[in-house]
Amino acid sequence: MKITATKAQNTILEIIENCNQPIARKDFIRNCVEHLGVPLTGEELPGGELNKVKCLLGMLLQQYIRTGIITESDTGFLQYSIGVELDAANRKIEIENILRSLTANTIYEKDNLLDIAYAEYTKKYPQMNVSNDKRNAIRGDIGNMLKSLVADGVIPCDDGKFGFKFVNHREMIKQEIATMSDEEFETKTIEMLTAYFKKNGFTKVTSIITGGTDDDDGVDGIITLPDEFLKDDKIIVQVKHRKNHDKCEPIKEIRGFAGVLAVKAEVYKGIYVTTAKYSKKANEFLKSYSIKRLLLIDGENWVDMAESCGF
């Protein structure tokens, strides 16, 4: 008599599902052996078949215990850990949520997506992974839901691949900055700062680009903020578009701009912008700068400001 693994699996699940109370492991194995029609006469079958069947049942039982379908107490009693099985409507909702979540930031081949969605579902509801009928039913529901979501335009499908290719907005801004020329970044920075001040309550902000002229004096742009007393507060801006964003901005460049700011008494504030980073020396210089009119903006600050004003 040949006992297949599938037949042994189905027997384990049928016996445990019909147990109304915890059952000792040895009694459970005995019940399974009897259900399979293997004689329990005290004599092993020829070739030790009885032991082989018991070993097969024990191995499969451990798999169900590891997956949480069957629980075993410290005293060796077994119990079916069925949990709550969803009805058809709620199962569809759960499957839709899983598919939406998986495809929100990743692209999958169809078979790969179906397998992962099935694994996610049965991880949450292990009782649905206990028989071929239930497994096939869940896989069918997942396939039908995917087809429906694609038809409704909820999940895009392109050349047999499903999902959205997620682009981090911050990284997208950084990539755009990296492809700009120095002049383009100067213009973009003045425009961004203008939008930032308008977003923060200055409704009549004006700005001009001065970079590239012979007398720009190290200033790439001027932003004017009219206050409530009709006094124009001018902000001068210097912009450095560094290719290597990991290097620190030279301290001599910052000191040079501070010197320009120092002789322009009519200027309210100076803003030094770089796509690079600021060193510890630069931040110490900023703290000790007596006029307190200098603001340093690095690449990360630039992106923060751009995002905050929807630029």
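## Largest pocket

The largest pocket of this predicted model has a volume of about 210 Å³. A pocket is found on a 1 Å grid over the protein atoms alone, as an open set of points with protein on both sides within 12 Å along at least five of seven lines. The volume is the space filled by probe spheres set on the points, which are joined across faces, edges and corners.

Lining residues, those with an atom within 4 Å of a point, are Lys174, Ile177, His245, Asp246, Thr275, Ala276, Lys277, Asp298, Gly299, Glu300 and Val303. Helices are DSSP runs (H or I, at least four residues) numbered from the N terminus. By class the lining has three nonpolar, three polar and five charged residues, where Ala, Val, Leu, Ile, Met, Phe, Trp, Tyr, Cys and Pro count as nonpolar, Asp, Glu, Lys and Arg as charged, and the others, Gly among them, as polar.

## Basis of the values

Residues are numbered from 1 along each chain as its sequence is written. In this predicted model local features need pLDDT of at least 70, side-chain atom pairs count only at pLDDT 80 or more, and totals for chains, interfaces and linings use all residues, while side-chain values use heavy atoms, with hydrogens and water left out.

## Helices α8 and α11

The axes of α8 (residues 182-199) and α11 come within 9 Å and cross at roughly 50 degrees. Axes are lines fitted to C-alpha atoms over the stretch in contact, and angles run from 0 to 180 degrees between N-to-C directions. α8 is therefore oblique to α11 (under 35 degrees is roughly parallel, over 145 roughly antiparallel, 65 to 115 roughly perpendicular, the rest oblique).

From α8, Phe185, Lys188, Thr189, Met192, Leu193, Tyr196 and Lys199 make the contact (heavy atoms within 4.5 Å) with Trp302, Met305, Ala306 and Ser308 of α11. Seven of these residues are nonpolar, two polar and two charged.

## Helices α2 and α3

α2 (residues 25-35) packs on α3 (residues 49-66) at an angle of about 120 degrees, with the axes 10 Å apart, so α2 is oblique to α3. Arg25, Phe28, Ile29, Cys32 and Val33 of α2 meet Leu50, Val53, Lys54, Leu57, Gly58, Leu61, Gln62 and Ile65 of α3. This contact comprises nine nonpolar, two polar and two charged residues.

## Helices α9 and α10

For α9 (residues 251-263) and α10 (residues 280-288), the axes come within 9 Å and cross at roughly 20 degrees; the two helices are therefore roughly parallel to each other. In α9, Ile251, Ile254, Arg255 and Ala258 meet Lys281, Ala282 and Phe285 in α10. The contact has five nonpolar, no polar and two charged residues.

Notes. 1 Å grid on protein atoms, 1.4 Å probe; cavity = no way out; pocket = protein on both sides within 12 Å on 5 of 7 lines; lining within 4 Å.
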